[in-house]
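Here's a quick briefing to read with the model open beside you.

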Amino acid sequence: MSNKSPPPRPAPRLYLATPVVDDPASLLAELPGLLAAADVAAVLLRLKQTDQRTMISRIKALAPPAQKAGAALLVDGHPELVARGGADGAHLPGIAALKEALPSLKPDRIAGVGGLTTRHHSMDAGEIGADYVLFGEPDAKGQRPSSQAIAERLDWWAELFEPPCVGFAISLEEAHEFAASGADFVLVGDFIWADPRGPKAALIEADAAIKKAHATALADQEHGWRPT
């Protein structure tokens, strides 16, 4: 891993986390329209815990519409189901889970990781082969760092390391802030699905917010580089 240099990073893209999926029918009906409306790079499928056969069938149902729209489908946990369900990869909850899953996912599938509580853990994840690192998700007790601390971690990572970084945003304001801080992707989920206008309007708004934040950050950076 090495220090970054120009050209600047491309505009961040959305990473859409689904609600916890039990019956996939409603999500199947809604997903194609959502993915057509905004620049979504990947979908994180959060599955309700049940028997493996049922979970595999739900992955098999939801992977094709995501992939047809050009988005990768990642399973939240359950790396052992990824290949059998036709998903593109898995999101792992920490270094130990990442190490355990890498042999089954690499080289053909994506292995992303969160649960990185220290900078040292983050660097370890990058060195052992994580395809992205996620900062800002709640822990098992629902606690998470402040948005400022998450933004600082994203900025640190974006300046120094090659693997993409993802900011876990719980609001439109955080999505904007994390994009401005150097996130390659912004993970959005519950606040999108809970929006009274519907998820499509919320997703379009989030997409516009991260693109605007990135453009503003670039303009400020370019201004700072100009001789005085």
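Which residues of H2 are buried? They are Met55, Ile56, Arg58, Ile59, Leu62, Ala63, Pro65 and Ala66, where buried means under 20% relative accessible area, exposed over 50%, and partly exposed in between (1.4 Å probe, protein chains only). Keep in mind that this is a predicted model, where local features need pLDDT of at least 70 and side-chain atom pairs count only at pLDDT 80 or more, while totals for chains, interfaces and linings use all residues. Residues are numbered from 1 along each chain as its sequence is written, and side-chain values use heavy atoms, with hydrogens and water left out. Helices (H or I, at least four residues) and strands (E, at least two) are DSSP runs, numbered from the N terminus.

**Helix H2**

- H2 covers residues 52-68, and its 17 residues should span 24 Å at 1.5 Å a residue; the expected span is 1.5 Å times one less than the number of residues. The C-alpha atoms at its ends are 25 Å apart, which agrees.
- There's a bend of about 25 degrees at Leu62, with a proline, Pro64, following within four residues. The bend is the angle between axes fitted to the seven residues ending at a residue and the seven starting there.
- Leu62 is also one of the buried residues of H2.
- The buried residues of H2 pack against strand S1 (13-21), helix H1 (25-37), strand S2 (40-47), strand S3 (72-76) and helix H3 (82-85), with contact taken as heavy atoms within 4.5 Å.
- Just past the end of H2, Gly70 has a positive phi of about 90 degrees.

- S1 and S2 run parallel and pair over six bridges; two strands pair if DSSP finds at least two bridges between them. Tyr15 has Ala42 in S2 as its bridge partner.
- Going from S1 through H1 to S2, the chain makes a right-handed β-α-β crossover. Right-handed means that, with the strands pointing away from the viewer, the path from the first strand over the helix to the second runs clockwise.
- S2 also pairs with S3 in the parallel sense, over four bridges, and Leu45 stands opposite Val75 in S3.
- H2 comes back into the picture here: S2, H2 and S3 form a right-handed β-α-β unit.

- S5 and S6 run parallel, joined by two bridges, and Val113 has Val133 in S6 as its bridge partner.
- The chain gets from S5 to S6 through H5, in a right-handed β-α-β crossover.
- S6 pairs with strand S7 (residues 165-168) in the parallel sense over three bridges. Val133 turns up again, with Cys165 in S7 as its bridge partner.
- From S6 to S7 the chain passes through helix H6 (residues 147-160), and this β-α-β crossover is right-handed.

**Salt bridges**

- Side chains of opposite charge can pair when their charged atoms come close. The rule used here is a side-chain nitrogen of Lys or Arg within 4 Å of a carboxyl oxygen of Asp or Glu, and the count comes to ten salt bridges.
- Asp131 pairs with Lys106, their closest N and O atoms being 2.9 Å apart. This pair links distant parts of the chain, 25 residues apart: Asp131 is in the loop between helix H5 (119-128) and strand S6 (132-135), and Lys106 is in the loop between helix H4 (95-105) and strand S5 (110-113).
- Asp131 is partly exposed at 29% relative accessible area, and Lys106 is partly exposed at 31%.
- Glu205 forms a salt bridge with Arg197, with 2.7 Å between the closest N and O atoms. Glu205 is partly exposed at 33%, and Arg197 is partly exposed at 47%.
- Lys211 and Asp207 meet in a salt bridge at 2.9 Å, N to O. Both lie in helix H9 (residues 199-225), four residues apart, which is about one turn of the helix.
- Lys211 is partly exposed at 26% relative accessibility, whereas Asp207 is buried at 12%. Salt bridges that share partners join Arg13, Asp39, Asp207 and Lys211 into one network.
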